[in-house]
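Please keep the sequence and the structure in view while reading.

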Amino acid sequence: MSLQAVIPFVKASACGNDFLLIEFSQAERALAFSDIAKFTQRICDRHDGVGADGVEWMRPHAQADVEIQLINADGSEAEISGNGTRCVAAYLYSERGAEKISIQTGAGLKTCVLTGQSQSEYEYEFEIEMGSAAVEAELTVKLGASEARGIPVSMGNPHYVVFVKEFPENWQDEAAEIQRSSEFKHGVNVEMVIIDGKHDVKTRFFERGVGETKSSGTGSCASAVAAMATGRAQSPVRVHAEGGTQTVRKEGNSVFLRGTARLVCRGEFFVS
């Protein structure tokens, strides 16, 4: 087999939301390419690539431990992923041993603090200060003959939180239709949320550039903050999803997200 280059990667997962972590300098030297969107699509393919919800491209930064650029599996760029940021923090902790890690994201500087480590050498728990949330008034979105009512929330990226009594059988189709609405000029991440007590919610996620995901960091924050803002829940809020549980709390105007991240494997992606 004739190889043009190999690109090293680390795969990590935060509650089933999986990412590939790649040092941009190593990929740049290997390929001398500029279209990281097209390459991200290729390596994230779950049949012909490694498979992931997206790639966190890592670069040096003068005022932070690292700067990251998130490219989704479809090649689109996103401002931030709470889970992806936590995966990067887990990787940096495993490499450097620092328990407080600063990460420059597309939504600003985020600080990750190690709060625990499992018996597994490669699974860690971090709390991230996510900044403030912007919660808007309820917005009605037309969906053909029906409509959806939800709460727009910005966590540095756009969300639309729909409270339901139970998850509709075709909730993915409804979420995809919401995403296509002209109400959202920059696209939107959709959360379907069931209130399960004053400190617990159950959530399903449908994200820009990916579709259904087992978990979402910023989506967990948006779900919890919308529930708190509408009097449905109180801080702290445990957000239960198919991939696991994350905890969201508010301190003043600041939102904090806590959850685990696991390093899955290291590898090399062959470029022929």
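How do the residues of the lining of the largest pocket divide into nonpolar, polar and charged? The model discussed here is predicted. In the lining of the largest pocket, 6 residues are nonpolar, 4 are polar and 3 are charged.

**The largest pocket**

- The volume of the largest pocket is about 190 Å³.
- Its lining consists of 13 residues, and those closest to the centre of the pocket are Glu 136, Pro 152, Pro 158, Phe 184 and Gly 187.
- The greatest contribution to the lining of the largest pocket comes from β11, with 3 residues.

**The largest cavity**

- The model contains 1 cavity of 30 Å³ or more.
- The largest cavity holds about 150 Å³ of space.
- It is lined by 18 residues, of which Leu 70, Asn 72, Ile 80, Ser 81 and Glu 207 are the closest to its centre.
- Two or more residues of the lining come from each of β2 (17-23), β4 (66-72), α3 (82-96) and α5 (217-229).
- By class, this lining comprises 5 nonpolar, 10 polar and 3 charged residues.

**Helix α2**

- Within helix α2 (residues 36-44), the buried residues include Ile 36, Phe 39, Thr 40, Ile 43 and Cys 44.
- These residues lie on the same side of α2 because they cover an arc of only 125° around the axis.
- In general, an α-helix has 3.6 residues a turn, so residues three or four places apart point the same way.
- Asp 35 caps the N-terminal end of α2, with a side-chain oxygen 3.3 Å from the backbone nitrogen of Ala 37.

Notes
Residues numbered from 1 in each chain as written. Predicted model: local features only at pLDDT ≥ 70, side-chain atom pairs only at ≥ 80, totals over all residues. Heavy atoms only, no water. Buried < 20%, exposed > 50% of the residue type's maximum accessible area, 1.4 Å probe, protein only. Helix = DSSP H or I, 4+ residues; strand = E, 2+ residues; numbered from the N terminus. Arc of directions from axis to C-beta. Polar contact = N/O pair within 3.5 Å; in protein donor to acceptor, adjacent residues only side chain to side chain. 1 Å grid on protein atoms, 1.4 Å probe; cavity = no way out; pocket = protein on both sides within 12 Å on 5 of 7 lines; lining within 4 Å. Points joined across faces, edges and corners; volume = space filled by probe spheres on them. Nonpolar A, V, L, I, M, F, W, Y, C, P; charged D, E, K, R; others polar.
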